[in-house]
Number of protein chains: 4
Amino acid sequence: MHESSRPSGERGRRRSERSHQAIIAATRELLVERGYPDVTIEAIAARAGVGKQTIYRWWPSRAALVLEAYLSSADVVTPPAAGGTTREDVRALLAWLIAVLAEPTGGHVVAGLVADIQHDADLAEGFHRDVVPARRGAMVAALERGQGRGEIRADADLELAVDALHGAVFYRLLLSGEPLDTDFIARLSEQTLGGLATSPPTG
Amino acid sequence: MHESSRPSGERGRRRSERSHQAIIAATRELLVERGYPDVTIEAIAARAGVGKQTIYRWWPSRAALVLEAYLSSADVVTPPAAGGTTREDVRALLAWLIAVLAEPTGGHVVAGLVADIQHDADLAEGFHRDVVPARRGAMVAALERGQGRGEIRADADLELAVDALHGAVFYRLLLSGEPLDTDFIARLSEQTLGGLATSPPTG
Amino acid sequence: MHESSRPSGERGRRRSERSHQAIIAATRELLVERGYPDVTIEAIAARAGVGKQTIYRWWPSRAALVLEAYLSSADVVTPPAAGGTTREDVRALLAWLIAVLAEPTGGHVVAGLVADIQHDADLAEGFHRDVVPARRGAMVAALERGQGRGEIRADADLELAVDALHGAVFYRLLLSGEPLDTDFIARLSEQTLGGLATSPPTG
Amino acid sequence: MHESSRPSGERGRRRSERSHQAIIAATRELLVERGYPDVTIEAIAARAGVGKQTIYRWWPSRAALVLEAYLSSADVVTPPAAGGTTREDVRALLAWLIAVLAEPTGGHVVAGLVADIQHDADLAEGFHRDVVPARRGAMVAALERGQGRGEIRADADLELAVDALHGAVFYRLLLSGEPLDTDFIARLSEQTLGGLATSPPTG
DNA sequence: AAGTAACCGAGACGGTACGTCCGGTCTTTGG
DNA sequence: CCAAAGACCGGACGTACCGTCTCGGTTACTT
């Protein structure tokens, strides 16, 4: 048995970009209107004016589709530009994070995806590859700049620091229900950066 | 002839404790065997030898039942006894936490509940009241003992520290998929406590 | 607590006539409001302010209760008094029959009972004993008076004639849906009596 | 680019004739095995190897399905061929009728349908259109042949005669419980035809 | 230009579970 | 011992979606 599976070029009709976009748009709308658990493939197909088969042809699961729809929001992906001090950068990045999570397609969608990740290895792979690093990257960069400037100790474990910073935010969002406000962010960045600083806190 | 139409206290058959226990046990077994998303009310009723109505009579949702079943495991609730130093206590508590989450009825169940509490206010209330404080309490106590001994600064925000400690654990469990091992715990407790310590790390 | 005031033969509380009447009344009301197939034991118990057990204690089936409720309507049982000629008597009896069947608790209830009779031997026995003869009796008597007067042939099979007369009425009511009006009754009694008459119809 | 948004006639998968037949067959089998009141949609679906939705998609009610299943028996629909005399024809047709009603899918099914048509206008329409005329047609034809031969009076109301003949049969079947045997049929056809005859019975 | 392959919307299909209703039974308290 | 209340097990209801499987019909490349 030899592997070819494509005679030469691309036979047959191409994927309809129109349908693709309609499906993504319908998914996003339904996420806002009904929330993750009530977004069904059937509803998406109906809203998008598309056959169910077309969805199953291109996405392996509802969660994969939701993930793509979620990621297709530009504001979800673009972090704020770097500012001045490490303290300011960290605070700005956390503020951006909670703003994104407070949107209609924010925290609840993440919660649903988080649950599905636990049972869907392929989805988890996509989430760990596309979502998590996008969130962590800018934060790690900000801390590294702080290290370069000598504000943060050279031997600080920056990845661990991001685990703590982002972890605290998601912990409040998903588990404890405590508020995600600017005061929280201020205290969180202050105390965490204090532990990473080269000089002891004065006073 | 006068009509006495008051409820008159407690009429009718009482709730069957036998059925109650059978339902909880069946739920726990099915959570282990099939995982949260595949545990159905119908399967629980069949396993417990109970009518579905009996389940719907006493629990408002599948999630509420799973929550109760989850909490009925003694080992989930009882944290380890206090040890010697703050460092040892924190590390032991984190070790206990990841051990609980690694159990069959551990992390996946929490992930499912976490997803459901985003859309179910009553369930969220129960989760915030029964699950979250049970996890935080021992950790806060350990940190307070450290404060009493002078190992931790008096002005440290201990609740925030628990947000960071537990947050980092749940972040890895639910979102990033990074391993929850003893090395991680060691570094996490070290770096976090370092930020709370009265004297700065030398060097 | 000592035993008094009970002669010996009758232990325990007596059957509550109050509940009995309430159950019958509730059944009758529900038959009118909802129709036979939607009258449930539960609804009867609730309407009557009675426990379900009390119903099950005194009636073997829903149909038996409906039968008793149906028979408890006085107008169902009392046929019109005998008139003058056989022709008049027969016509009056048929008119009474279709009037009874046109009532709210009339034809539809009979149809439901008729269906249940086919699978419930005890109920069938009660129906054949209490309902059918009550309907046939007056008609047979009228025809016998006609025989006595010489209007009807002595060798006529009167029971068979009642089968045909009542059968035609119930056939229209239950099976064919044709109207049950006075014209029908007139023609039916005319043609049937014509076949039983001593002298041939003139012209 | 123009939009052609008309339904375009016949889109989507066609109805499965295989499933259709399996459902009818399963219904007929279950009617024989369990009787009308114990034939559930769920049992039919399971027996036919079919989803419940497929049944609900094509039949508005259990009774409508039973009606179709009942009518799909060839022997139910086809009356015996015309014989010689009117007397013989009538007797043969009545014999055929009681034979059909004595079958496993006979009288009890009719009783159940009869009960249901009292509350279901659509079903009643089907019953009056498909069942009743199929039964009456041959009988009316036989009587009309008798009229043609001069055995039956020209002014006789033949429809009324069929009401009486069939009515008497169904009355015994459904209401009175009296036997449906050949003696009954003989006397019934004799007395009824006697009333329709052109010459009076002598003696 | 004809043939062929993969796509598309539509929607029926076999299933599974849902949450509700009711049947008939059992277990309380109270008269 | 009966009655009202109401929980119990069981089973069917009719609905909603799942993921799959035809349909007729539409591109678009290959021959």
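Four salt bridges are counted between chain D and chain C, a salt bridge being a side-chain nitrogen of Lys or Arg within 4 Å of a carboxyl oxygen of Asp or Glu. D:Asp163 pairs in this way with C:Arg172. Their closest N and O atoms lie 2.8 Å apart. The model is predicted: local features need pLDDT of at least 70, side-chain atom pairs count only at pLDDT 80 or more, and totals for chains, interfaces and linings use all residues. Side-chain values use heavy atoms, without hydrogens and water.

The contact (heavy atoms within 4.5 Å) takes 41 residues from chain D and 41 residues from chain C. About 3,500 Å² is buried between the two chains, counted as the accessible area (1.4 Å probe) lost on being put together, summed over both. Carbon and sulfur atoms give 63% of this area. On the chain D side, D:Tyr171, D:Leu175 and D:Gln191 lose the most area to chain C. Together they account for 21% of what that side buries.

Chain D can be laid on chain C by a turn of 179° and a shift of 0.0 Å along the axis, with an RMSD of 0.2 Å. Copies are superposed by least squares on the C-alpha atoms of residues with pLDDT of at least 70 in both. This is the relation of a two-fold axis. In chain D, the C-alpha nearest the axis belongs to D:Gly195, 1.7 Å from it. The same surface serves both copies: of the contact residues of chain D, 100% recur in chain C.

Technical notes: Residues are numbered from 1 along each chain as its sequence is written. Chains are lettered from A and ligands numbered from 1 in the order in which they are written.
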